[in-house]
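Hi,

Here is the structure I promised to pass on.

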Amino acid sequence: MSNYFKHSSALVETDDIGNDTRVWAFVHILKGAKIGSNCNICDHCFIENDVVIGDNVTVKSGIYIWDGAVIEDNVFLGPNVVLTNDLRPRSKAHHAKFQKIIIKKNASIGANSTILCGTTIGEYAMAGIGSVITRNVPAYALIYGNPAKQHGWVDEKGDKLSFVEKGVWRSVDEIFYKETEAGLIRI
Ligand SMILES: CC(C)(COP(=O)(O)OP(=O)(O)OC[C@H]1O[C@@H](n2cnc3c(N)ncnc32)[C@H](O)[C@@H]1OP(=O)(O)O)[C@@H](O)C(=O)NCCC(=O)NCCS
């Protein structure tokens with residue numbers, strides 16, 4: 001039995017929650033959900049069954065995480081982020097399998113963003129407020145808008161990178177990164 005905090009008004013049906021995670025008021029988590037350690041699940045969230053959340057994840061208030069979502073370690077979800085899992089929804093027409101959203105390690109999603117199912121958001125990517133994310137996002141990309149487009153690159157701290165030469169970028173800390181098909185990697 002792990003040692004996590006549950007507010008007295010939270011309804012937690014899963015046993016799969018890691019140590020030191022905090023589950024705040026009016027949260028409902030279904031039985032099949034897996035949640036790592038040291039996460040913060042803020043007020044008024046709902047987490048369905050087929051959901052995997054890693055360690056050190058922040059889920060700000062008012063977020064509903066539906067079947068098919070995979071949220072890796074250290075991800076930040078800003079207030080009222082919307083996830084989806086059905087590309088062409090019809091009432092009462094349930095699909096055997098939902099389309100996944102995968103948010104890779106250390107990515108941050110700005111407040112009130114909406115993520116289309118079937119998309120993967122790369123490591124350390126950062127989405128600004130109100131992003132409508134309809135396509136995969138490369139690692140370290142800074143995106144925003146509707147539909148969200150890339151507006152540069154960020155480092156691990158979220159600071160914008162400077163252009164050095166074609167395919168090469170530099171942080172304020174003099175760390176260099178190069179572009180690959182999947183986004184940036186450190187050189
Ligand atoms: C995207 C973000 C990281 C800043 O990126 P940036 O490139 O440094 O942005 P800047 O502030 O230099 O703005 C550049 C331009 O983009 C616009 N812009 C910034 N964020 C935007 C967004 N989310 N959507 C649309 N346009 C945006 C600015 O208005 C500005 O336009 P202008 O040049 O016409 O004035 C920041 O605006 C943001 O949205 N942060 C997320 C905050 C959040 O959700 N926090 C959650 C916890 S409270």
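This is a predicted model: local features need pLDDT of at least 70, side-chain atom pairs count only at pLDDT 80 or more; totals for chains, interfaces and linings use all residues.

Lys178 stands opposite Ile185 in strand 25; strands here are DSSP E runs of at least two residues, numbered from the N terminus. Residue numbers start from 1 along each chain as its sequence is written.

Back to that end of the chain. Strand 24 (residues 176-180) and strand 25 are antiparallel, with four bridges between them, and two strands count as paired if DSSP finds at least two bridges. Tyr177 has Arg186 of strand 25 as its bridge partner. The link from strand 24 to strand 25 is a hairpin through two residues. Both belong to an open, antiparallel sheet of four strands in the order 22-23-24-25. Its edges are strand 22 (162-165) and strand 25 (183-186), each pairing on one side only. From one strand to the next the twist averages 40° (axes are lines fitted to C-alpha atoms, and angles run from 0 to 180 degrees between N-to-C directions).

There's also a nine-strand open sheet with mixed pairing, in the order 1-3-6-9-12-15-18-20-21. Strand 1 (5-6) and strand 21 are the edge strands, each pairing on one side only. At the strand 21 end, three bridges join strand 20 to strand 21 (residues 149-153), and the two run antiparallel. One of the bridge pairs is Ala141 with Trp153 of strand 21. Strands 20 and 21 make a hairpin with four residues between them, and Gly145 in the turn has a positive phi of about 105°.

Gly145 turns up again by the ligand. The surrounding shell is Gly78, Gly110, Ala111, Met126, Gly128, Ile129, Gly130, Leu142, Tyr144, Gly145, His151 and Lys160, where a residue is near if its C-beta atom, placed from the backbone, lies within 6 Å. By type, the shell has five nonpolar residues, six polar and one charged.

Now the core. A nonpolar core is a set of buried Ala, Val, Leu, Ile, Met, Phe, Trp, Tyr and Cys residues joined through C-beta atoms within 7 Å. Buried means 20 or more other C-beta atoms within 10 Å of a residue's own, exposed means 12 or fewer, and partly exposed is in between, with C-beta atoms placed from the backbone. The largest core has 46 residues, and Ala125, Tyr140 and Trp153 touch the most other members. Strand 20 gives the most to this core, with three residues. Ignoring neighbours within four places in sequence, Ala125 is in contact with Ala107, Val137, Pro138, Ala139, Tyr140, Ala141 and Ile143 (contact: C-beta atoms, placed from the backbone, within 7 Å).

Last, Phe46, which sits in strand 7 (residues 46-47). Not counting residues up to four places away in sequence, Phe46 touches His28 and Tyr64.

Cheers

Key:
Ala, Val, Leu, Ile, Met, Phe, Trp, Tyr, Cys and Pro count as nonpolar, Asp, Glu, Lys and Arg as charged, and the others, Gly among them, as polar. Two residues are in contact if their C-beta atoms, placed from the backbone, lie within 7 Å.
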